[in-house]
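Dear colleague,

I am handing over the structure below, and after it you will find what turned up when I went through it. Please read the notes with the model open beside them.

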Amino acid sequence: MQRVTLICVGKLKEKFYAEAAAEYVKRLGRYCKLTVVELPEERLPENPSPAQVEAALEKEAAAIRGKLPSASTLIALCVEGRERSSQDLAHLMETLASQGESQLAFLIGGSFGLHGSIKAQAAERLSMSPMTFPHHLARVMLLEQIYRAYQINAGTRYHK
């Protein structure tokens, strides 16, 4: 069974996001061993300078590296990432599994994104859309897409 780690910078606070995420975590239990890791977002002043943002992103990158499972394939969500259809994501995950990649790590950054060094470390950069979404909603959307990918690969009727 494939192991999937979802590393998120920032905590889910809203009950409706937490409930939606929990539903997909439950559903995914049949297809993979899922671990969700929440890391705190670095606190910044109201109008941070570019240097302050860079320092915060560096600290978050260090925390992320500390939680990355060894020998995992890192897939980072970022605005400049590649947009993929649900079928494309399913194919990517299936291809990685067939190549012996038994540990996937998906990464969602905080409100200022991800440090360039962690993006460079990623085997794949993924963009959900050119639109902007709250990071908490992105977590629910990513969990649903991972679930959908497993459903597509299993040949079920979930994906229409």
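P134 is partly exposed, with a relative accessible area of 42%, where buried means under 20% relative accessible area, exposed over 50%, and partly exposed in between, all with a 1.4 Å probe and protein chains only. This proline sits in the loop between β5 (124-127) and α5, and its C-alpha atom is separated by 31 Å from that of G155, 21 residues apart along the chain. Helices here are DSSP runs of H or I with at least four residues and strands are runs of E with at least two, numbered from the N terminus.

Before going further, please note that this is a predicted model, in which local features need pLDDT of at least 70 and side-chain atom pairs count only at pLDDT 80 or more, while totals for chains, interfaces and linings use all residues. Residues are numbered from 1 along each chain as its sequence is written, and side-chain values use heavy atoms, with hydrogens and water left out.

Helix packing around α5

The axes of helix α1 (residues 15-28) and helix α5 (residues 135-154) come within 9 Å and cross at roughly 20°; axes are lines fitted to C-alpha atoms, for helices over the stretch in contact, and angles run from 0 to 180 degrees between N-to-C directions. The two helices α1 and α5 are therefore roughly parallel to each other, given that angles under 35 degrees count as roughly parallel, over 145 as roughly antiparallel, 65 to 115 as roughly perpendicular and the rest as oblique. The crossing of α1 past α5 is left-handed, a term used if the near helix is turned anticlockwise from the far one by less than a right angle, with right-handed used if clockwise. On the α1 side the contact (heavy atoms within 4.5 Å) is made by Y17, A20, A21, Y24, V25, R27 and L28, and on the α5 side by H136, L137, V140, L143, E144, I146, Y147 and Y150. By class, this contact of α1 with α5 has twelve nonpolar, one polar and two charged residues, where Ala, Val, Leu, Ile, Met, Phe, Trp, Tyr, Cys and Pro count as nonpolar, Asp, Glu, Lys and Arg as charged, and the others, Gly among them, as polar.

Helix α3 (residues 86-98) also meets α5, with axes that come within 8 Å and cross at roughly 75°, and α3 and α5 are therefore roughly perpendicular to each other. Here S86, Q87, L89, A90, H91, M93 and E94 of α3 touch Q145, I146, R148, A149, Y150, I152 and N153 of α5, and the residues of this contact divide into seven nonpolar, five polar and two charged.

Aromatic pairs

The structure holds four aromatic pairs, counted when rings of Phe, Tyr and Trp (its six-membered ring) have centres within 6.5 Å, with planes under 30 degrees apart taken as stacked, over 60 as edge-to-face and the rest as tilted. In one of them, the rings of Y24 and Y147 have their centres 6.1 Å apart and their planes at 55°, so the pair is tilted. Because Y24 lies in helix α1 and Y147 in helix α5, this pair ties together parts that are 123 residues apart in sequence. Y24 counts as buried at 15% relative accessibility, and Y147 is buried with a relative accessible area of 6%. Y147 also forms an edge-to-face pair with Y31, at 6.1 Å centre to centre and 75° between the planes. As Y31 lies in the loop between α1 and β2 (32-39) and Y147 in helix α5, that pair ties together parts that are 116 residues apart in sequence. Ring pairs link Y24, Y31, Y147 and Y150 into a cluster.

Individual residues

A71, in the loop between α2 (50-67) and β3 (73-83), has a positive phi of about 60° although it is not a glycine, and it is exposed with a relative accessible area of 71%. E124, by contrast, is buried with a relative accessible area of 15% and has its place in strand β5. Not counting residues up to four places away in sequence, E124 touches L74, I75, A76, R82, R84 and L92.
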